[in-house]
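Subject: Structure handover and notes

Dear colleague,

Please find below the sequence and the structure that I am handing over to you. My notes on what was found follow directly after them.

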Amino acid sequence: MDLDAFNAVHSDEWSRLAELTKKRTLDGAEADELVRLYQSVATHLSTIRSAAPDPVLITRLSDLLGRARGRIAGAHEPAWRDVTRFAVVSVPAALYRIRWWILSVQTAFLLIAVISGWWVATSPDALASMGTASEREAYVNDSFASYYDPGADFAAVVWTNNAWIAALCIAFGITGFVTAYVLFTNAVAIGSIGGMMASYGELDTFLTLIAPHGLLELTAIFVAGAAGLRLFWTAVDPGPRTRMRALAEEGRALFTVVVGLAFVLGVSGLIEGFVTGSTMAWWLKIVIGAIALAAFWVYTFLLGRRAVEAGETGDLTSDHAGDVAPIAG
(Lines give C-alpha, C1' and ligand atoms only; values in the text may rest on other atoms or scores of the structure.)
Protein backbone atom coordinates (compact mmCIF):
# COMPACT_ATOMS: atom_id res chain seq x y z
CA MET A 1 0.00 0.00 0.00
CA ASP A 2 1.21 3.51 -0.86
CA LEU A 3 1.14 5.15 2.57
CA ASP A 4 1.60 8.68 1.19
CA ALA A 5 -1.36 8.28 -1.15
CA PHE A 6 -3.47 6.80 1.64
CA ASN A 7 -2.53 9.73 3.86
CA ALA A 8 -3.45 12.25 1.17
CA VAL A 9 -6.84 10.66 0.52
CA HIS A 10 -7.93 10.46 4.17
CA SER A 11 -6.13 13.33 5.89
CA ASP A 12 -9.19 15.59 5.57
CA GLU A 13 -11.29 13.06 7.49
CA TRP A 14 -8.64 12.84 10.21
CA SER A 15 -8.45 16.60 10.49
CA ARG A 16 -12.22 16.89 10.67
CA LEU A 17 -12.40 14.24 13.42
CA ALA A 18 -9.74 16.11 15.38
CA GLU A 19 -11.71 19.34 14.94
CA LEU A 20 -14.95 17.79 16.19
CA THR A 21 -13.30 16.25 19.28
CA LYS A 22 -12.08 19.72 20.30
CA LYS A 23 -15.45 21.47 20.00
CA ARG A 24 -17.13 22.34 23.28
CA THR A 25 -20.63 21.55 22.04
CA LEU A 26 -21.93 19.54 19.12
CA ASP A 27 -25.32 19.72 17.47
CA GLY A 28 -27.10 16.60 16.30
CA ALA A 29 -25.54 16.52 12.85
CA GLU A 30 -22.05 17.05 14.22
CA ALA A 31 -22.52 14.28 16.78
CA ASP A 32 -23.58 11.88 14.03
CA GLU A 33 -20.60 12.98 11.95
CA LEU A 34 -18.28 12.40 14.91
CA VAL A 35 -19.48 8.80 15.28
CA ARG A 36 -19.25 8.16 11.52
CA LEU A 37 -15.72 9.57 11.31
CA TYR A 38 -14.66 7.61 14.39
CA GLN A 39 -15.74 4.38 12.69
CA SER A 40 -14.01 5.34 9.44
CA VAL A 41 -10.73 6.29 11.12
CA ALA A 42 -10.80 3.09 13.16
CA THR A 43 -10.97 1.21 9.86
CA HIS A 44 -8.10 3.30 8.49
CA LEU A 45 -5.99 2.46 11.54
CA SER A 46 -6.70 -1.25 11.14
CA THR A 47 -5.73 -1.07 7.46
CA ILE A 48 -2.45 0.71 8.22
CA ARG A 49 -1.56 -1.76 10.96
CA SER A 50 -2.02 -4.72 8.67
CA ALA A 51 -0.71 -3.34 5.37
CA ALA A 52 1.83 -0.61 6.18
CA PRO A 53 2.58 -0.46 9.92
CA ASP A 54 4.08 3.00 10.20
CA PRO A 55 4.61 3.60 13.97
CA VAL A 56 4.31 7.39 13.76
CA LEU A 57 1.00 7.34 11.92
CA ILE A 58 -0.33 4.51 14.08
CA THR A 59 0.45 6.51 17.21
CA ARG A 60 -1.18 9.62 15.75
CA LEU A 61 -4.39 7.85 14.79
CA SER A 62 -4.53 5.86 18.03
CA ASP A 63 -4.32 9.09 20.00
CA LEU A 64 -6.99 10.69 17.81
CA LEU A 65 -9.32 7.72 18.24
CA GLY A 66 -8.74 7.72 21.98
CA ARG A 67 -9.80 11.35 22.24
CA ALA A 68 -12.77 10.78 19.96
CA ARG A 69 -13.86 7.74 21.95
CA GLY A 70 -13.71 9.80 25.11
CA ARG A 71 -15.87 12.47 23.50
CA ILE A 72 -18.42 9.92 22.29
CA ALA A 73 -18.62 7.92 25.50
CA GLY A 74 -18.12 10.84 27.82
CA ALA A 75 -15.24 11.41 30.22
CA HIS A 76 -14.73 8.60 32.68
CA GLU A 77 -15.44 9.69 36.23
CA PRO A 78 -14.32 7.47 39.10
CA ALA A 79 -17.27 6.07 41.02
CA TRP A 80 -17.78 3.78 43.97
CA ARG A 81 -18.66 1.06 41.49
CA ASP A 82 -15.13 1.25 40.08
CA VAL A 83 -13.60 1.21 43.55
CA THR A 84 -15.70 -1.80 44.53
CA ARG A 85 -14.80 -3.65 41.33
CA PHE A 86 -11.13 -2.94 41.91
CA ALA A 87 -11.29 -4.27 45.47
CA VAL A 88 -13.37 -7.40 44.86
CA VAL A 89 -12.29 -8.31 41.32
CA SER A 90 -9.04 -6.75 40.13
CA VAL A 91 -6.89 -7.08 43.26
CA PRO A 92 -7.87 -10.68 44.15
CA ALA A 93 -7.49 -11.71 40.49
CA ALA A 94 -3.98 -10.25 40.36
CA LEU A 95 -3.06 -12.00 43.62
CA TYR A 96 -4.61 -15.32 42.60
CA ARG A 97 -2.67 -15.38 39.32
CA ILE A 98 0.65 -15.27 41.21
CA ARG A 99 -0.39 -17.61 44.04
CA TRP A 100 2.18 -20.27 43.13
CA TRP A 101 4.87 -17.64 42.88
CA ILE A 102 3.90 -16.41 46.35
CA LEU A 103 4.04 -19.92 47.82
CA SER A 104 7.39 -20.61 46.11
CA VAL A 105 8.92 -17.39 47.44
CA GLN A 106 7.50 -18.15 50.89
CA THR A 107 8.98 -21.65 50.91
CA ALA A 108 12.43 -20.44 49.81
CA PHE A 109 12.38 -17.51 52.26
CA LEU A 110 11.43 -19.65 55.28
CA LEU A 111 13.95 -22.34 54.34
CA ILE A 112 16.76 -19.76 54.18
CA ALA A 113 15.61 -18.20 57.46
CA VAL A 114 15.54 -21.58 59.25
CA ILE A 115 19.00 -22.53 57.94
CA SER A 116 20.41 -19.14 59.00
CA GLY A 117 18.82 -19.43 62.43
CA TRP A 118 20.12 -22.96 62.93
CA TRP A 119 23.61 -21.88 61.89
CA VAL A 120 23.72 -18.94 64.32
CA ALA A 121 22.23 -20.99 67.15
CA THR A 122 24.70 -23.87 66.76
CA SER A 123 27.89 -22.19 65.53
CA PRO A 124 29.97 -20.07 67.98
CA ASP A 125 31.61 -18.23 65.08
CA ALA A 126 28.26 -17.41 63.51
CA LEU A 127 26.92 -16.23 66.87
CA ALA A 128 29.98 -14.05 67.37
CA SER A 129 29.28 -12.33 64.05
CA MET A 130 26.06 -10.99 65.57
CA GLY A 131 28.03 -8.70 67.89
CA THR A 132 29.96 -8.78 71.13
CA ALA A 133 28.66 -10.80 74.04
CA SER A 134 27.43 -7.67 75.84
CA GLU A 135 25.71 -6.37 72.69
CA ARG A 136 23.97 -9.69 72.13
CA GLU A 137 22.81 -9.92 75.73
CA ALA A 138 21.47 -6.36 75.67
CA TYR A 139 19.58 -7.08 72.46
CA VAL A 140 18.11 -10.36 73.69
CA ASN A 141 17.22 -9.14 77.18
CA ASP A 142 15.93 -5.68 76.34
CA SER A 143 16.20 -4.23 72.84
CA PHE A 144 14.21 -6.87 70.96
CA ALA A 145 11.13 -6.68 73.20
CA SER A 146 11.30 -2.91 73.79
CA TYR A 147 11.29 -2.31 70.03
CA TYR A 148 7.58 -3.14 69.94
CA ASP A 149 6.32 0.05 71.52
CA PRO A 150 2.53 0.29 71.07
CA GLY A 151 1.19 3.38 69.36
CA ALA A 152 0.24 5.07 66.11
CA ASP A 153 3.71 6.51 65.55
CA PHE A 154 5.28 3.07 65.78
CA ALA A 155 2.65 1.65 63.40
CA ALA A 156 3.50 4.37 60.87
CA VAL A 157 7.23 3.63 61.14
CA VAL A 158 6.59 -0.09 60.68
CA TRP A 159 4.36 0.53 57.65
CA THR A 160 6.99 2.78 56.05
CA ASN A 161 9.79 0.27 56.61
CA ASN A 162 7.83 -2.67 55.23
CA ALA A 163 6.51 -0.61 52.32
CA TRP A 164 10.12 0.26 51.44
CA ILE A 165 11.13 -3.41 51.36
CA ALA A 166 8.08 -4.29 49.24
CA ALA A 167 8.79 -1.35 46.94
CA LEU A 168 12.36 -2.55 46.35
CA CYS A 169 11.11 -6.04 45.48
CA ILE A 170 8.60 -4.65 43.00
CA ALA A 171 10.45 -1.67 41.54
CA PHE A 172 13.50 -3.76 40.65
CA GLY A 173 11.53 -6.88 39.82
CA ILE A 174 12.38 -6.57 36.14
CA THR A 175 16.05 -7.24 37.02
CA GLY A 176 15.28 -10.45 38.87
CA PHE A 177 18.48 -10.47 40.92
CA VAL A 178 17.73 -7.31 42.95
CA THR A 179 14.43 -8.74 44.17
CA ALA A 180 16.08 -12.08 44.94
CA TYR A 181 18.85 -10.28 46.84
CA VAL A 182 16.41 -8.23 48.94
CA LEU A 183 14.43 -11.35 49.83
CA PHE A 184 17.59 -13.33 50.62
CA THR A 185 19.12 -10.68 52.90
CA ASN A 186 15.87 -10.23 54.82
CA ALA A 187 15.48 -13.99 55.24
CA VAL A 188 19.03 -14.26 56.57
CA ALA A 189 18.52 -11.30 58.91
CA ILE A 190 15.28 -12.63 60.41
CA GLY A 191 16.66 -16.16 60.73
CA SER A 192 19.88 -14.95 62.32
CA ILE A 193 18.03 -12.90 64.95
CA GLY A 194 15.85 -15.91 65.72
CA GLY A 195 18.95 -18.09 66.02
CA MET A 196 20.60 -15.61 68.38
CA MET A 197 17.47 -15.48 70.55
CA ALA A 198 17.39 -19.30 70.58
CA SER A 199 21.03 -19.53 71.66
CA TYR A 200 20.09 -17.53 74.78
CA GLY A 201 16.97 -19.59 75.46
CA GLU A 202 14.59 -16.88 74.25
CA LEU A 203 13.20 -18.48 71.10
CA ASP A 204 9.70 -18.40 72.61
CA THR A 205 10.01 -14.64 73.11
CA PHE A 206 11.10 -14.24 69.50
CA LEU A 207 8.20 -16.28 68.14
CA THR A 208 5.51 -14.72 70.31
CA LEU A 209 6.60 -11.20 69.33
CA ILE A 210 7.07 -11.98 65.64
CA ALA A 211 4.03 -14.15 65.00
CA PRO A 212 1.14 -11.71 65.62
CA HIS A 213 2.11 -9.26 62.89
CA GLY A 214 4.72 -11.33 61.08
CA LEU A 215 2.24 -13.81 59.65
CA LEU A 216 0.63 -11.10 57.51
CA GLU A 217 3.66 -8.84 57.21
CA LEU A 218 5.93 -11.52 55.80
CA THR A 219 3.18 -12.69 53.47
CA ALA A 220 3.02 -9.16 52.06
CA ILE A 221 6.78 -9.29 51.45
CA PHE A 222 6.36 -12.68 49.78
CA VAL A 223 3.67 -11.20 47.53
CA ALA A 224 5.90 -8.26 46.60
CA GLY A 225 8.78 -10.59 45.81
CA ALA A 226 6.55 -12.91 43.81
CA ALA A 227 5.12 -10.03 41.78
CA GLY A 228 8.58 -8.67 41.03
CA LEU A 229 9.94 -12.05 39.98
CA ARG A 230 6.84 -12.72 37.87
CA LEU A 231 7.55 -9.52 35.96
CA PHE A 232 11.15 -10.63 35.43
CA TRP A 233 10.01 -14.00 34.12
CA THR A 234 7.55 -12.30 31.78
CA ALA A 235 10.49 -10.48 30.19
CA VAL A 236 12.29 -13.83 29.80
CA ASP A 237 9.28 -15.79 28.54
CA PRO A 238 6.40 -13.57 27.32
CA GLY A 239 4.53 -16.53 25.81
CA PRO A 240 2.38 -15.89 22.72
CA ARG A 241 2.29 -12.14 23.39
CA THR A 242 4.91 -9.73 22.17
CA ARG A 243 7.42 -8.95 24.90
CA MET A 244 6.39 -5.28 25.15
CA ARG A 245 2.69 -6.13 25.31
CA ALA A 246 3.29 -8.84 27.91
CA LEU A 247 5.34 -6.47 30.08
CA ALA A 248 2.71 -3.74 29.74
CA GLU A 249 -0.10 -6.07 30.79
CA GLU A 250 1.84 -7.65 33.65
CA GLY A 251 3.10 -4.24 34.74
CA ARG A 252 -0.43 -2.88 35.02
CA ALA A 253 -1.49 -5.99 36.97
CA LEU A 254 1.57 -5.43 39.15
CA PHE A 255 0.30 -1.95 39.97
CA THR A 256 -2.95 -3.57 41.10
CA VAL A 257 -0.93 -5.79 43.45
CA VAL A 258 0.90 -2.72 44.79
CA VAL A 259 -2.36 -1.04 45.77
CA GLY A 260 -3.55 -4.22 47.47
CA LEU A 261 -0.23 -4.54 49.33
CA ALA A 262 -0.54 -1.00 50.68
CA PHE A 263 -3.70 -2.09 52.49
CA VAL A 264 -2.22 -5.41 53.65
CA LEU A 265 0.88 -3.69 55.04
CA GLY A 266 -1.36 -1.13 56.71
CA VAL A 267 -3.21 -3.90 58.55
CA SER A 268 0.02 -5.64 59.59
CA GLY A 269 1.39 -2.29 60.75
CA LEU A 270 -1.67 -1.75 62.92
CA ILE A 271 -1.28 -5.22 64.43
CA GLU A 272 2.41 -4.62 65.12
CA GLY A 273 1.74 -1.16 66.46
CA PHE A 274 -1.21 -1.95 68.74
CA VAL A 275 -1.27 -5.73 69.33
CA THR A 276 2.27 -7.16 69.33
CA GLY A 277 3.60 -4.95 72.13
CA SER A 278 0.34 -4.74 74.07
CA THR A 279 -0.51 -6.42 77.37
CA MET A 280 -2.83 -8.96 75.70
CA ALA A 281 -2.24 -12.63 76.34
CA TRP A 282 0.32 -14.02 73.90
CA TRP A 283 -2.13 -16.61 72.53
CA LEU A 284 -4.70 -13.91 71.76
CA LYS A 285 -2.09 -11.88 69.87
CA ILE A 286 -1.23 -14.89 67.72
CA VAL A 287 -4.91 -15.65 67.13
CA ILE A 288 -5.42 -12.07 65.86
CA GLY A 289 -2.45 -12.45 63.52
CA ALA A 290 -3.68 -15.84 62.29
CA ILE A 291 -7.16 -14.44 61.60
CA ALA A 292 -5.64 -11.60 59.57
CA LEU A 293 -3.57 -14.06 57.53
CA ALA A 294 -6.54 -16.38 57.00
CA ALA A 295 -8.63 -13.42 55.82
CA PHE A 296 -5.96 -12.55 53.25
CA TRP A 297 -5.86 -16.08 51.78
CA VAL A 298 -9.64 -16.47 51.79
CA TYR A 299 -9.89 -13.15 49.98
CA THR A 300 -7.25 -14.23 47.46
CA PHE A 301 -8.55 -17.72 46.77
CA LEU A 302 -12.30 -17.21 47.05
CA LEU A 303 -12.67 -13.92 45.18
CA GLY A 304 -9.53 -14.39 43.08
CA ARG A 305 -10.50 -17.79 41.66
CA ARG A 306 -13.94 -16.50 40.79
CA ALA A 307 -12.49 -13.44 39.06
CA VAL A 308 -9.88 -15.40 37.09
CA GLU A 309 -12.45 -17.96 35.96
CA ALA A 310 -14.47 -15.00 34.65
CA GLY A 311 -11.47 -13.92 32.56
CA GLU A 312 -10.04 -11.23 34.85
CA THR A 313 -6.27 -10.80 35.20
CA GLY A 314 -5.92 -7.75 37.40
CA ASP A 315 -5.06 -5.64 34.36
CA LEU A 316 -7.03 -2.52 33.46
CA THR A 317 -10.17 -2.92 31.40
CA SER A 318 -10.02 -2.02 27.71
CA ASP A 319 -11.81 1.25 28.51
CA HIS A 320 -8.77 2.32 30.51
CA ALA A 321 -5.91 0.41 28.91
CA GLY A 322 -7.07 0.68 25.30
CA ASP A 323 -7.81 -2.03 22.79
CA VAL A 324 -5.09 -4.35 21.54
CA ALA A 325 -4.79 -6.56 18.51
CA PRO A 326 -5.81 -10.20 19.04
CA ILE A 327 -3.11 -12.85 19.31
CA ALA A 328 -3.08 -16.51 18.34
CA GLY A 329 -2.48 -19.31 20.81
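The expected span of a helix is taken here as 1.5 Å times one less than its number of residues, and helices themselves are DSSP runs (H or I, at least four residues; strands are E, at least two), numbered from the N terminus. Please keep in mind that this is a predicted model, in which local features need pLDDT of at least 70 and side-chain atom pairs count only at pLDDT 80 or more, whereas totals for chains, interfaces and linings use all residues. Residues are numbered from 1 along each chain as its sequence is written, and side-chain values use heavy atoms, with hydrogens and water left out.

Helix geometry

Helix α1 covers residues 3-22, and its 20 residues should span 28 Å at 1.5 Å a residue, which agrees with the 26 Å between its end C-alpha atoms.

For α9, the 23 residues should span 33 Å at 1.5 Å a residue, and the end C-alpha atoms are 32 Å apart, which agrees. The buried residues of α9 include Val178, Val182, Leu183, Gly191, Gly194 and Gly195, and the helix is followed by glycine 201, whose phi is positive, near 75 degrees.

Helix α10 (residues 203-236) calls for a separate note, since a straight helix of 34 residues would span 50 Å at 1.5 Å a residue, while α10 spans only 42 Å between its end C-alpha atoms. A bend of about 60 degrees is found in α10 at glycine 214. Of the 34 residues of α10, 24 are buried, so this helix is largely enclosed by the rest of the structure.

The nonpolar core

A nonpolar core is a set of buried Ala, Val, Leu, Ile, Met, Phe, Trp, Tyr and Cys residues joined through side-chain atoms within 4.5 Å. The largest such core has 38 residues, and those with the most contacts inside it are Ile98, Ile102, Leu183, Val223, Val257, Leu261 and Phe296. At least two residues of this core are supplied by each of α4 (80-97), α5 (99-122), α8 (152-171), α9 (177-199), α10, α11 (243-276) and α12. The largest share of this core, 11 residues, comes from α10.

Salt bridges

With a salt bridge taken as a side-chain nitrogen of Lys or Arg within 4 Å of a carboxyl oxygen of Asp or Glu, a search of the whole structure finds 7 of them. Arginine 16 and glutamate 19 meet through their side chains in one of these, at 3.0 Å from N to O, and because they are 3 residues apart in helix α1, they are separated by about one helical turn. Both are partly exposed, arginine 16 with a relative accessible area of 23% and glutamate 19 with 43%.

Arginine 16 also meets glutamate 33 in a salt bridge, again at 3.0 Å from N to O. This second pair links distant parts of the chain, with glutamate 33 in helix α2 (residues 28-51) and arginine 16 in helix α1, 17 residues apart.

Another salt bridge joins arginine 230 to glutamate 250, the closest N and O atoms being 3.7 Å apart; arginine 230 lies in helix α10 and glutamate 250 in helix α11, 20 residues apart. Here both partners are buried, with relative accessible areas of 17% for arginine 230 and 7% for glutamate 250. Through shared partners, salt bridges join Arg16, Glu19 and Glu33 into one network.

Contacts across the sequence

Leucine 303 lies in helix α12 and is partly exposed, with a relative accessible area of 22%. Leucine 303 and valine 88 are 215 residues apart in sequence, yet 6.6 Å apart in space from C-alpha to C-alpha.

Kind regards

Note on methods:
The bend at a residue is the angle between axes fitted to the seven residues ending there and the seven starting there. Buried means under 20% relative accessible area, exposed over 50%, partly exposed in between (1.4 Å probe, protein chains only).
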